[in-house]
Amino acid sequence: MSAVFKAALPCLVPMRSGDLDCVVAIERDIYDFPWTRGNFEDSLAAGYSCWLYMDGNELIGYCVVMLAVDEAHLLNLSVARGAQGQGHGRALLEASMAAIHAYGAAAMLLEVRPSNLVGRKLYAGAGFSQVGLRKDYYPALRGREDALVLRREL
Ligand SMILES: CC(C)(COP(=O)(O)OP(=O)(O)OC[C@H]1O[C@@H](n2cnc3c(N)ncnc32)[C@H](O)[C@@H]1OP(=O)(O)O)[C@@H](O)C(=O)NCCC(=O)NCCS
């Protein structure tokens, strides 16, 4: 008789300050305007929900969510370059929404650059819709770029 073994799925693990070398290395690799180490340290110190998305020992991605009353604000959601385009971003987003819902959040809010077509596709596919626009919100290679404000009930 043959046994069937199911591989463990990637999962969320709390981010610690000792993880920041790896997190910051990915951040610098995938963004033109990355968060600094200090941004992550401040998020941890403020008690934001900061998670690693791990496949065994491999760091695939991470996210940072600020929970304010019953609404969550997704501040950072990132997938390592070599792991992009394989469904991990979607899975990480779904896992973070489930986790933050369990903490009592009824909705999630986020900003995305209009030029970030993959990010926009990810969020539209996950049921987010635009509720606002922040003019000149982001630094850009030329000047500033607006932010689309997206929201979804959880
Ligand atoms: C944006 C990001 C989180 C998406 O994660 P990912 O693992 O690459 O994306 P997924 O494989 O889960 O795909 C998500 C959606 O984007 C689409 N997509 C993924 N890669 C794509 C590509 N290169 N071109 C077009 N569409 C693409 C998928 O088809 C999927 O669409 P669907 O939900 O309609 O099926 C990731 O690419 C990333 O970290 N990018 C750099 C940082 C960033 O932009 N973060 C978000 C800031 S708001």
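This is a predicted model: local features need pLDDT of at least 70, side-chain atom pairs count only at pLDDT 80 or more; totals for chains, interfaces and linings use all residues.
Biologist: How many helices and strands does the protein chain have?
Modeller: The chain has 4 helices and 7 strands. Both are DSSP runs numbered from the N terminus: helices are H or I with at least four residues, strands are E with at least two. Along the sequence the pattern reads β-α-α-β-β-β-α-β-α-β-β.

Biologist: What's the radius of gyration of the protein chain?
Modeller: The radius is 16 Å, close to the 15 Å that the globule rule gives for 154 residues, so the chain is as compact as a globular protein of that length. The radius is taken over C-alpha atoms, and the rule is 2.2 Å times the number of residues to the power 0.38. The C-alpha trace spans about 65 × 35 × 30 Å along its principal axes.

Biologist: What percentage of the residues count as buried?
Modeller: Of the 154 residues, 25% count as buried. Buried means 20 or more other C-beta atoms within 10 Å of the residue's own, with C-beta atoms placed from the backbone.

Biologist: On to the sheet. What is the strand order?
Modeller: The 7 strands form an open sheet in the order β1-β2-β3-β4-β5-β7-β6, with mixed pairing. Two strands pair if DSSP finds at least two bridges between them. The edge strands are β1 and β6 (129-139), and each pairs on one side only.

Biologist: Take β2. How many of its residues are buried?
Modeller: In β2 (residues 49-55), 5 of the 7 residues are buried, so the strand is mostly covered.

Biologist: Which way do β1 and β3 run against β2, parallel or antiparallel?
Modeller: β1 (residues 11-14) runs antiparallel to β2, joined by 4 bridges. C11 has M54 in β2 as its bridge partner. β3 (residues 58-68) also runs antiparallel to β2, through 7 bridges. There, S49 has V65 in β3 as its partner.

Biologist: What happens at G56, in the hairpin of β2 and β3?
Modeller: G56 takes a positive phi near 65°, and the hairpin has 2 residues between the strands.

Biologist: And β6, covered or in the open?
Modeller: Of the 11 residues of β6, the number buried is 0, so β6 lies largely in the open. β6 pairs with β7 in the antiparallel sense over 7 bridges. One partner pair is R134 with A147 in β7. The hairpin of β6 and β7 has 4 residues between the strands, and G143 there takes a positive phi near 75°.

Biologist: What else pairs with β7 (residues 144-153)?
Modeller: β5 (residues 107-112) does, in the antiparallel sense over 6 bridges. E111 has V149 in β7 as its bridge partner.

Biologist: Switching to the ligand. How many residues surround it?
Modeller: 18 residues surround the ligand, and the closest are Q84, G85, G89, R90 and G125. A residue is near a molecule if its C-beta atom, placed from the backbone, lies within 6 Å of it.

Biologist: Which elements give two or more residues to that shell?
Modeller: Those are β4 (71-79), α3 (88-102) and α4 (117-125). α4 gives the most, with 5 residues.

Biologist: How does the shell divide by residue type?
Modeller: The shell has 6 nonpolar, 10 polar and 2 charged residues. Ala, Val, Leu, Ile, Met, Phe, Trp, Tyr, Cys and Pro count as nonpolar, Asp, Glu, Lys and Arg as charged, and the others, Gly among them, as polar.

Technical notes:
Residues are numbered from 1 along each chain as its sequence is written. A residue is buried if 20 or more other C-beta atoms lie within 10 Å of its own, exposed if 12 or fewer, and partly exposed in between; C-beta atoms are placed from the backbone.
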